[in-house]
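Colleague: I am new to reading protein models. Could you take me through one, feature by feature?

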Amino acid sequence: MDNKPFELANPATGVKSLLPVRAGTIGPQVLDISGLPKDHGVFTFDPAFGATASCESKITYIDGDAGVLLYRGYPVDQLAAHSSFMEVAYLLIYGNLPSAKELDTYRGSITRHTMINESLLRFTNGFHHNAHPMAMVSAVVASMSAFYYDSMDIHDPRHREIFSHRIIAKLPTIAAAAHKHALGQPFIYPRNDLAYCANMLNMFFAVPCEPYEVDPVAAQALDLLFILHADHEQNASTSTVRLAGSTGTNPYAAISAGVSALWGPAHGGANEAVLDMLEEIGSAANIPKFLDMAKDKSSHFKLMGFGHRVYKNFDPRAKIIREMCHKVLAKLGQTDNPLFELALRLEEIALKDEYFVSRKLYPNVDFYSGIIYSALKIPRSMYTVMFAIARTVGWVAHWLEMISDPAMRIGRPRQLYTGPTQRDYVAVAKR
Ligand code: CMC
């Protein structure tokens, strides 16, 4: 790739200088502007970071025009077809696919960290019965920083590893506790004889008074969804984890910040919002009315589950999940699913509409995922929590990558100030 430096002229002095151009292993070239303030006395203005690479990373690659998503170089569709969530977690965090022994050891360690301190359960039970589970999960994750002082030295690689196992292992337990609290049912302890997703389903749906069999179809579907949600390079929540983590705060605090960022409807909260929207649309006859609303800039209504900052083509994850919907609904005997039918029809109509075509707005990962969660009887308020459990792997991988970089500095964006210039204070009686 041609790394020809980019010529930049200083408008005040006319002096020309060269900006270094950096090339990744794939993807567009990147102008290195880090020397601009020192060499030219200027900053760049890029609200919402549409044109800014905030860091160097080796974890995930997206080609938004081609609809490509690679985890450590492996196409997500290959991983979805052949891998497991635990294997993908290992891949994202350690950088390579594990050997059979490495995978076994990793699974074993995650399994043995699934219990949470009973005090954390009491925190969950202190919430009001109708608290949103994302509020509970972000609070309980932040509270973990008050429990694991034995392994919170961010400069110790072994401490960082123990943290990474703990958080990935305990997130499903924390989520299940939130779910059971909302239902008013007793908490179900983790079972170490079950795999990651099966254990989670058991904690969600078992009750102490009768046996419960985890449906392998449900466990497999969840595992696949988790693979697809595991990482997505520098999205809003991952960037939040990096920014919080760059201050040197403990990793539980950083992950809790990520959970909060994920909650918004423009990000992970969209999966819950899509189902609300489909229910509101109600029938195919109402689709044009809702599309008109989505196009009307004064309405604040957006077609949830559509559009993406990076994908200007089909989100590859949405394609896989749409196929998965057909298979999972068939296996669960729910072929006649009116919300899925409506979603398919909405996609078909939107993708023929000039507004969506010209802006390259396609279904994203959140458009179909809620259909599967609802088929698995996971309550709607838990959908974004499901996303958070899977994305924790990505957050951890990015936090580890950042913290282990000796060149790490605190993240500190600048601004274009447009407020008042200096003025003198006037006493209140004279105003
Ligand atoms: N419905 C209607 N119009 C849309 C939509 C939508 N869902 N998404 C984008 N647009 C319009 C937008 O108004 C803009 O129009 P114009 O050029 O006339 O001003 C144009 O398309 C370009 O969009 P943008 O605002 O520059 O896009 P963005 O990169 O800032 O935002 C997004 C990306 C995902 C936040 C946005 O598409 C959106 O709000 N989608 C709905 C919420 C959603 O599904 N979020 C999940 C994202 S994927 C998973 C995840 O990140 O968690």
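Colleague: Where is the place of Phe 49?

Modeller: A ground rule comes before that. This is a predicted model, in which local features need pLDDT of at least 70, side-chain atom pairs count only at pLDDT 80 or more, and totals for chains, interfaces and linings use all residues. Residues are numbered from 1 along each chain as its sequence is written, and side-chain values use heavy atoms, with hydrogens and water left out. Helices (H or I, at least four residues) and strands (E, at least two) are DSSP runs, numbered from the N terminus. Phe 49 sits in the loop between helix H1 (36–40) and strand S5 (60–63). Its phi is near 55°, a positive value in a residue other than glycine.

Colleague: Which loop holds His 300?

Modeller: His 300 is in the loop between helix H13 (287–295) and helix H14 (316–331). Phi of His 300 is near 65°, also a positive value in a residue other than glycine. His 300 counts as exposed because its relative accessibility is 76%.

Colleague: How many helices and strands does the protein have?

Modeller: There are 18 helices and seven strands. The radius of gyration is 24 Å, close to the 22 Å from the globule rule for 431 residues, so the protein is as compact as a globular protein of that length. That radius is taken over C-alpha atoms, and the rule is 2.2 Å times the number of residues to the power 0.38. Buried residues make up 48% of the 431.

Colleague: What does Leu 91 touch?

Modeller: Contact means heavy atoms within 4.5 Å. Leave out residues up to four places away in sequence, and Leu 91 touches Tyr 71, Arg 72, Tyr 74, Leu 79, Asn 96 and Leu 97. Leu 91 lies in helix H3 (residues 85–94). With 0% relative accessibility, Leu 91 counts as buried. Now take Tyr 74, 17 residues from Leu 91 along the chain: their C-alpha atoms are separated by 9.5 Å. For the whole protein, take contacts with a separation of 6 or more: residues 24 or more positions apart account for 70% of them.

Colleague: How many salt bridges are there?

Modeller: Start with the idea. Side chains of opposite charge can pair when their charged atoms come close. A salt bridge is a side-chain nitrogen of Lys or Arg within 4 Å of a carboxyl oxygen of Asp or Glu. The count comes to 14.

Colleague: How far apart are the closest N and O atoms of Arg 191 and Asp 193?

Modeller: They are 2.7 Å apart, in a salt bridge. Arg 191 is partly exposed at 34% relative accessible area, whereas Asp 193 is exposed at 56%.

Colleague: Which helix holds both Asp 292 and Lys 295?

Modeller: Both lie in helix H13, three residues apart, about one turn of the helix. Asp 292 is partly exposed at 47%, and Lys 295 is partly exposed at 26%.

Colleague: What about Glu 348 and Arg 345?

Modeller: Both are in helix H15 (residues 338–350), three residues apart, about one turn. Salt bridges that share partners also join Arg 22, Glu 56 and Lys 58 into one network.

Notes: Buried < 20%, exposed > 50% of the residue type's maximum accessible area, 1.4 Å probe, protein only.
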